[in-house]
Amino acid sequence: MGAWLCKASPASSPLGWPSLPPELADLVLHRLPSLADRVRFAFVCRHWRHAMKQYSLPSLPRPLPWLNFRDGHFRSLPDGELHSFRFRKPTDTLCVGCFDNWLLFEELGGKPRLRYYLKNPLRRATWRLPCYCREPVHLNPDGSHGRRSSSRSTDLRIRKVIICSRDLVVAKVNYQHGPCAIVCCRPGTSSSWSTGLCNDLWYQDMAFYGGKIYTITIEGDLFAHEVSTGGTDDTEEGPIVSGMERVIQATQPNCATRCYLVISGTGKLLMVRRIVVPKESTTTTTEQAFVPGHLSRQPLGPGQ
């Protein structure tokens, strides 16, 4: 898959990796918060990969997120390594996002022009995503909207995908001729993404928390999106975003920062501000912990 993945042959290993008891391999894996390190773990030998699938995956905590860049590179946390994928065949394929142990890939070329799929390097599983999306519906100032359209389009770019359950996948979509929207589908059964609700704002990140989808805008506004498991009219057959509410309005927007939504190890939804400064160095300030009925500020601690 990537240049940073290296396979170690059991025969050439001086330490005898296959002899490591699976219980110890499980303890090692649980102490690796980086997804890059977990993938390296799975490629050491078949014994470690089997131990990971049998013992570790059901109870493995979420890995720390990656910071993805538009050129296909991504920075791993907490070590700060910069990675990129190199494919065996020449192809215009980029890794444009990640969620838990799933990576989001974009393929350029063919029909339709852009195709997307999810790949889990730990389970070695691949999910193809719909290439079509229904036309978005623009919200009125009072929160109402017109009838949803049944027409479909391929003029979209997917920048983040969240697997909420086996029957629900949510994506942040950037339309080619408009702002962002949150859309849904049932993996393996939906032929297209659902109709998204647009409020003429651009989202930087999203997270699934407390049964709702939360998005953060460039200005720092926080929105909560209600998801319905079934369509509300004849044009929708699968899950849809049925409502949207502004939870927090930014008071001092700062375009020099990027906002990310992260669920901490203590179960809080955090907004992390990343300030971009010259020479590609970054500084992370404080973040806001959003809990139902409560808003607090606390410094970012190690491992959160």
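D37 and R40 both lie in helix 2, three residues apart, about one turn of the helix. They form a salt bridge in which the closest N and O atoms are 2.7 Å apart. The model is a predicted one, and a search of the whole structure finds nine salt bridges. The count of disulfides comes to zero.

**Helix 2**

- Helix 2 spans residues 35–42 and is mostly covered, with six of its eight residues buried.
- The buried residues are L35, A36, R38, V39, F41 and A42.
- At the start of the helix, a side-chain oxygen of S34 comes to within 3.3 Å of the backbone nitrogen of A36.
- D37 is partly exposed, at a relative accessible area of 25%.
- R40 is also partly exposed, at 22%.
- An α-helix has 3.6 residues a turn, so residues three or four places apart point the same way.

- Three strands form an open sheet in the order 1-2-3, and their pairing is antiparallel.
- Strand 1 (66–68) and strand 3 (82–83) are the edge strands, each pairing on one side only.
- Strand 2 (residues 74–76) pairs with strand 3 over two bridges, in the antiparallel sense.
- Opposite L82 in strand 3 stands R75.

**Salt bridges between strands**

- Side chains of opposite charge can pair when their charged atoms come close.
- K160 forms a salt bridge with D205, and the closest N and O atoms are 2.8 Å apart.
- K160 lies in strand 11 (residues 156–165) and D205 in strand 15 (residues 203–209), so this pair ties together parts that are 45 residues apart in sequence.
- K160 counts as buried at 17% relative accessibility.
- D205 counts as buried as well, at 6% relative accessibility.
- K212 forms a salt bridge with E226, with the closest N and O atoms 3.2 Å apart.
- This second pair links distant parts of the chain, K212 being in strand 16 (residues 212–217) and E226 in strand 17 (residues 222–228), 14 residues apart.
- K212 is partly exposed, with a relative accessible area of 24%.
- E226 is partly exposed too, with a relative accessible area of 36%.

**Cysteines**

- A disulfide is a covalent bond between the sulfur atoms of two cysteines.
- The cut-off applied here is a pair of cysteine sulfur atoms within 2.5 Å.
- For C180, the closest cysteine sulfur is that of C198, and it is too far for a bond because the distance is 8.1 Å.
- C180 counts as buried, at 1% relative accessibility.
- For C184, the closest cysteine sulfur is that of C164, and it is too far for a bond because the distance is 7.5 Å.
- C184 likewise counts as buried, at 1% relative accessibility.

Key: Residues are numbered from 1 along each chain as its sequence is written. This is a predicted model: local features need pLDDT of at least 70, side-chain atom pairs count only at pLDDT 80 or more; totals for chains, interfaces and linings use all residues. Side-chain values use heavy atoms; hydrogens and water are left out. Two strands pair if DSSP finds at least two bridges between them. Helices (H or I, at least four residues) and strands (E, at least two) are DSSP runs, numbered from the N terminus. Buried means under 20% relative accessible area, exposed over 50%, partly exposed in between (1.4 Å probe, protein chains only). A polar contact is a pair of N or O atoms within 3.5 Å; within protein, one must be able to donate a hydrogen and the other to accept it, and residues adjacent in sequence count only if both atoms are side-chain atoms. A salt bridge is a side-chain nitrogen of Lys or Arg within 4 Å of a carboxyl oxygen of Asp or Glu.
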